[in-house]
Amino acid sequence: MKKFKKHFLPLESNGAYLFFIFIMIAALIVSIAVSIVLGSVDIKFGDVIGFLANKISGRRVVVPTWDDSIESIIWDIRTPRVLTAFIVGAGLTLCGIVMQALTKNTLADPYVLGISQGASSGAVFMIMYGSMFFYGQYGTVLGAFIGAVISIVIALQIAKIRNKVTATQLILAGIAVAAMFGALTNIMIYLQRTGSDKVKTAQYWMMGSLSGSTWERLVYVAIVFVVCFIVIYAIRKMLDAMLLGDDVALTLGVNTGRLKLIMILVTTLLTGAIVSISGVIGFVGLTIPHITRSVVGSKHTRLIPAATLVGGTFLVLADVISRVIISPEELPIGVVSAFFGAPFFLYLIRKSRMGGKG
Amino acid sequence: MKLETKGITYSIDGKLIIDGIDISVKEGEFVGVVGPNGCGKSTLLKNIYKVYTPDSGAAYIDGEEIFKMSNKKTAKKMSVMQQENLVDFDMTVYDMAMLGRFAHQKMFSGDSDEDREIVLEYLKEVGLEGYEKRHFLSLSGGEKQRTLLARALSQKAPLIILDEPTNHLDIGYQYQIMNILKRQKLTMLCCVHDLNIAATYCDRIILMKKREVFKIGTPREMLTSENIKELFHIDTQIVENEKTGSINIIFLPEL
């Protein structure tokens, strides 16, 4: 494996890169199909294709052999859910990439730094106490965004020593910020809710869930995602320069002050929007960029599209696992992502301790 | 292309590091900054290439204040070669050198044919032809430093600032890098530790001592036994090097 890695990875030629992208798109389509078919109600694969063909073309291409409840499950429940899973996975991956360039540290991600927990506190606060100021979803996103901004500022200030963010400081700052906002979220939930409801709500916000996905919620997160993706892709060359240090980026001609502001804004906005619909799902922004880098290299022109696909596909599959593994019950998706991500996190800490290089 | 500083003063946490520095570098000149550890030479350069903001005073390129220029415009006029940073992320030698073209590129455009030609030309110039696909972190110290030199040269700026560019390199690499630099016919301001390198390559030398400029002049005027004793507290003998035509400093430590 090591020998394989030395000779073939990261993929050098553009042809190999495009082939990888093609494979990932195919994997994503298969994952989406599997995700729609599998679940507590069995649906035939042919019915899904037939129904979607009719729905998307707006005509009766295929004569329906299924009943209306199946249509409702496919269109109203599973389709928005699988698309939400994709956007959550892809979005958390993008946040991880930007935060790693911001801190020059491969261990940075919204969960490790406590940004997700901050966003979740903000969202919960708005749901519990903010109904008089803001209406529904927008209030929740706004709360999550504000929570994310507060937590990223605290985390980065604590993690910084002489303008450098070390791995140890970063992790310690993250633990503290995550614990603080986690406690805050729990206090608010336990003060406001009663009975089994409070346990469920707390679990939703602390461990993540996609069970509340609807078209309505999907649309606004999708808009935020697309806008942030375009911004992040536009600053891709500056992100390359940032990896080498702020000083170096500055001498290469990057407006580092403005760039850092943009980086913080897009990550908090994206984290806020994602957490407001899915709760806290950990480690995606940590593992996916790292794995994708080892396949396509660190250059952001290649990394951003590839990692977006890998992250989205990963979360679609994680969602499938969370639904089928203890069926008919559902495992919180954060448990699934932590199950894969936490060991990887340990591996990265060990690696950074040994060589200081990733 | 002329570089000038007027009264640059800079302090960290209330502690004065450099005090009222006035220097100038003429078009095509290779100027070295020499002085003991902690005299403020690296701080002076960082105040010129915008990593530090002077408390008072300013640096000017052709009369235009550097701090008032956009970073992109500065990068087109002045490139910087520093010591290698420790980085967590790997990239190819080619991609690393291509970052030197950043200031010349538009936001959504890729690398142009001109960019590619320039980068390949300078990789060849520094002797790294055939290294394009090698990974930066797998290189030796000398190869890394030459990659950074190719990146700085690819910036195509008429002025280059060298902030201790040859530290940690063995003597062969130090002279190799200085030779490459000397060939470029650029305006250069360079922090130098090795007095023999300063004597061989610099047109003028700025001696710094305790936060201030001590003296400025040609290597022969500056690198005298008296000045070196004053700055570094070590006895020396200055001899002519017939091959290079410049002076050599022989150190005479008390054993």
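Buried residues account for 44% of the 255 residues of chain B in this predicted model. A residue counts as buried if 20 or more other C-beta atoms lie within 10 Å of its own, as exposed if 12 or fewer do, and as partly exposed in between, with C-beta atoms placed from the backbone. In chain A, 48% of the 358 residues count as buried. Because the model is predicted, local features need pLDDT of at least 70 and side-chain atom pairs count only at pLDDT 80 or more, while totals for chains, interfaces and linings use all residues. Residues are numbered from 1 along each chain as its sequence is written, and chains are lettered from A and ligands numbered from 1 in the order in which they are written.

Chain B contains 9 helices and 12 strands. Its radius of gyration is 19 Å, close to the 18 Å from the globule rule for 255 residues, so chain B is as compact as a globular protein of that length. The radius is taken over C-alpha atoms, and the rule is 2.2 Å times the number of residues to the power 0.38. The C-alpha trace of chain B spans about 55 × 40 × 35 Å along its principal axes. Helices (H or I, at least four residues) and strands (E, at least two) are DSSP runs, numbered from the N terminus.

Chain A holds 15 helices and 2 strands. A compact globule of 358 residues would have a radius of gyration near 21 Å, and the 21 Å of chain A agrees. Along the principal axes, the C-alpha trace of chain A spans about 65 × 55 × 35 Å.

Contacts were examined by sequence separation. Two residues are in contact if their C-beta atoms, placed from the backbone, lie within 7 Å. In chain A, 76% of the contacts with a separation of 6 or more join residues 24 or more positions apart. In chain B, 65% of contacts between residues at least 6 apart in sequence join residues at least 24 apart.

Two packed helices are described by the angle between their axes and the distance between the axes. Axes are lines fitted to C-alpha atoms, for helices over the stretch in contact, and angles run from 0 to 180 degrees between N-to-C directions. In chain A, helix H4 (residues 68-103) packs on helix H14 (residues 300-324) at about 135 degrees, with the axes 7 Å apart. H4(A) is therefore oblique to H14(A). Angles under 35 degrees count as roughly parallel, over 145 as roughly antiparallel, 65 to 115 as roughly perpendicular and the rest as oblique. The crossing of H4(A) and H14(A) is right-handed. A crossing is right-handed if the near helix is turned clockwise from the far one by less than a right angle, and left-handed if anticlockwise. Among the residues in this contact are Phe86(A), Gly89(A) and Ile97(A) of H4(A), and Gly311(A), Phe314(A) and Asp319(A) of H14(A). By class, the contact has 14 nonpolar, 5 polar and 1 charged residues. Ala, Val, Leu, Ile, Met, Phe, Trp, Tyr, Cys and Pro count as nonpolar, Asp, Glu, Lys and Arg as charged, and the others, Gly among them, as polar.

In chain B, helix H4 (residues 113-125) and helix H5 (residues 141-154) pack at about 135 degrees, with their axes 9 Å apart. H4(B) is thus oblique to H5(B). Their crossing is right-handed. Ile118(B), Val119(B), Tyr122(B), Leu123(B) and Glu125(B) of H4(B) meet Ala150(B), Leu153(B) and Ser154(B) of H5(B). This contact has 6 nonpolar, 1 polar and 1 charged residues.

Between the chains, 25 residues of chain B are in contact with 25 residues of chain A. Helix H2 (residues 71-77) of chain B gives the largest share of the chain B side, 3 residues. That side has 14 nonpolar, 5 polar and 6 charged residues.

Ala159(A) lies in helix H6 (residues 136-159) of chain A. With 24 C-beta neighbours inside 10 Å, Ala159(A) counts as buried. Beyond its neighbours within four places in sequence, Ala159(A) is in contact with Val165(A), Gln169(A), Leu170(A) and Ala173(A).

Most residues other than glycine have a negative phi. Glu164(B) has a positive phi, near 45 degrees. Glu164(B) sits in the loop between strand E7 (159-162) and helix H6 (171-183) of chain B, and is partly exposed, with 17 other C-beta atoms within 10 Å. Phi of Lys185(B) is also positive, near 55 degrees. Lys185(B) is in the loop between H6 and strand E8 (187-191) of chain B, and counts as exposed with 10 C-beta neighbours inside 10 Å.
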